[in-house]
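Biologist: Can you walk me through this one? Keep it plain, please.
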Amino acid sequence: MLEGILIGLQTALSFQNLMVVIGGCLIGTFIGMLPGLGPMSIIAIMIPVAITMGDPSAALILLAGVYYGAIFGGSTSSILLNAPGVAGTVASSFDGYPMARQGKAGKALTIAAIASFAGGTIGAILLMIFAPMLSSVALLFHSAEYFALMVVGLSAIAAFAGPGQVTKALMMTVLGLIMATVGEGALFNLPRFTAGIMDLQSGFGFITLAMAMFALPEAIFLVLKPKNLGEDGGDIKNLRISRAEAKAIAPVIGRQSVQGFFIGVLPGAGATIASFLGYAVERNIAPKAEQEEFGKGSIKGLAAPESANNAACTGSFVPLLTLGIPGSGTTAILLGALIALNVTPGPRLMVDEPQIFWAVIMSMFIGNLVLLILNLPLIPYIAKLLAIPRNYLIPFILFFTLMGAYIGQNNATELLLLVGFGVCGIALKFANYPLPPLLIGFILGGMMEDNFSRSMQLYGGPSFIFERPMTLVLLLVAACLILLPTLRARRGKKA
Amino acid sequence: MALDRWIALVLLGICIVYGYTAWFTMDGNLAPFMRRNPIWPSTFPKVLSIFGIIASLVILLGIEKGEQKIGEIDHRRLTDYFLGQAILLLLLMVAYALCLRPLGFLFSTSAFLMIGSLILGERKFHVLIPVALIATGAVWYLVQEVLGIFLRPLPLFLGV
């Protein structure tokens with residue numbers, strides 16, 4: 001491991017990569033504050049830039065920096081304006097916004113920055129310890145297990161859709177998988193479902209789909225229902241926290257960083273679940289008097305989701321880097337970027353390209369530190385970006401959405417597809433269909449079919465399901481993950 | 001019928017067409033040697049079509065009971081929101097997609113940003129025009145000159 005750490009440090013600390021991580025953090029923070037552009041959209045926008053860089057290590061370091069920056073940026077708008085740009089920072093607004101309204105915006109942002117730093121750093125340490133272990137276990141996996149594992153990942157996503165929404169999430173996952181079959185498959189080399197359209201020969205572009213399903217609907221929702229951005233900034237000058245406050249939040253940050261990390265490792269969980277769970281746990285274990293402060297400006301209530309969501313984001317890199325399975329929508333986009341960079345994610349990554357693997361981990365430490373150092377003094381200034389009038393902000397968001405899709409494929413047809421899919425995304429959002437499963441299904445679809453096909457060829461049919469016990473176990477786990485929430489919901493109704 | 005069920009109906013249609021292609025038309029041109037394989041290009045789509053049809057039917061028939069949540073925006077009262085602006089912006093995006101190549105990046109983008117702001121109610125032309133022009137120039141320089149991704153700057157008829 002020490003050798004790997006040294007390789008990673010050498011790569012991450014090169015002047016170019018240091019600049020890349022600093023740039024990534026800054027870009028992520030600034031754009032992450034803009035409602036309509038969560039980490040997923042920002043990473044999708046930055047992918048063409050990353051791919052153009054050529055060097056996979058630098059590209060991944062850039063995207064990791066953007067990721068962390070975007071999460072911190074999202075927290076900033078949550079706290080100052082009660083306008084969380086992403087689901088993962090919603091819990092931060094429960095106590096962060098009341099703090100800002102009480103004139104403690106500076107303190108709230110400082111707590112958020114420190115909790116994010118601690119969560120990310122503890123997460124990176126855990127990643128260093130557990131990723132190699134998971135990676136060695138993953139080496140035992142064959143195509144049959146990979147196929148089953150992807151089914152587990154997909155079904156877990158569906159199970160997290162909440163009561164009464166499991167089928168919708170499943171439908172979205174299947175739709176994503178269906179869209180992934182359009183074009184030429186890797187194993188068959190035959191065009192499928194292209195309707196004779198040449199532009200569809202290579203399938204749908206994943207950046208186009210990501211933009212259409214996330215950035216565009218969010219921007220259009222902002223047009224439909226304008227939010228008063230920049231009105232309630234509060235006093236953000238006082239950034240200091242007292243020793244007693246530091247003492248109070250330290251154990252919260254420690255607990256939630258560990259809990260958040262392990263939740264993030266689970267495919268389908270991620271920052272949103274981690275932050276809500278972290279908030280709920282801390283509220284439940286707090287003394288009664290402090291419990292009542294939750295929701296009214298409790299520093300513990302802010303520190304818990306902030307550290308948990310950052311640790312979960314780091315945790316989601318474990319299945320991504322060691323198994324090639326995205327644990328969230330954002331890591332699904334990162335997986336697409338890895339593939340575009342000719343990096344095969346999975347257990348061989350650590351063996352074949354250790355400089356990439358370890359450089360990403362080291363850049364997490366550096367990125368977190370950079371975020372803390374750069375953002376604390378910048379807090380009063382960066383918040384002013386949110387004051388950009390909506391009349392200018394929204395056209396720019398839409399323009400960057402279009403550019404993301406255009407630069408990725410250099411094809412104007414993609415822009416029409418983007419608008420078409422975007423309208424579909426808006427309709428789906430109106431009807432409360434969860435959109436992340438669609439994208440995860442789309443990205444996993446190709447790999448899932450390849451592994452399924454390979455297993456079918458190796459075993460001469462679907463007998464691999466029964467001949468490989470691990471595959472069977474994983475598929476049973478997937479079945480439980482699909483059925484349990486529905487059964488629980490029914491039992492809850494009966495009670 | 002609720003919007004989610006209408007969408008389920010559309011998805012059911014998509015899955016039926018997809019399934020029909022996978023089950024009945026796709027294997028027609030399959031090479032003889034491929035027919036001996038345990039897996040065909042249509043195998044995975046066949047499985048997906050079944051799952052898709054079942055899931056859409058479950059939603060359509062309301063078999064899975066859950067709370068009817070209204071999202072961030074109530075689609076039944078769309079006229080209460082800035083619907084016209086949203087539609088115009090979507091149309092502007094389509095126009096941008098169609099004009100990007102023939103009119104070039106610089107003209108299309110600056111027009112897009114200006115018209116987009118106008119649609120949203122901006123009338124300060126002395127701010128709007130310079131912002132759009134500077135942003136367009138900056139993005140073009142970054143993408144074309146710094147990142148090396150070709151973006152035709154001027155209209156097609158100028159041959160650049």
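Biologist: Which residues touch the most other members of the largest nonpolar core?
Modeller: A:I43, A:L63 and A:A210, in a core of 196 residues. A nonpolar core is a set of buried Ala, Val, Leu, Ile, Met, Phe, Trp, Tyr and Cys residues joined through C-beta atoms within 7 Å. Buried means that 20 or more other C-beta atoms, placed from the backbone, lie within 10 Å of the residue's own. This is a predicted model: local features need pLDDT of at least 70, side-chain atom pairs count only at pLDDT 80 or more, and totals for chains, interfaces and linings use all residues. Residues are numbered from 1 along each chain as its sequence is written, with chains lettered from A and ligands numbered from 1 in the order in which they are written.
Biologist: Where does that core lie in chain B?
Modeller: Between domain 1 (3-67) and domain 2 (81-158), because both give residues to the core. The bounds come from an automatic or database domain assignment.
Biologist: What is A:I43 in contact with, beyond four places in sequence?
Modeller: A:L63, A:V66, A:Y67, A:T330, A:I333 and A:L334. Contact means C-beta atoms, placed from the backbone, within 7 Å.
Biologist: New topic. How many residues does each chain put into the contact between A and B?
Modeller: Chain A gives 57 and chain B gives 55.
Biologist: And how much of chain A is buried?
Modeller: 64% of its 495 residues.

Note on methods. A residue is buried if 20 or more other C-beta atoms lie within 10 Å of its own, exposed if 12 or fewer, and partly exposed in between; C-beta atoms are placed from the backbone. Two residues are in contact if their C-beta atoms, placed from the backbone, lie within 7 Å.
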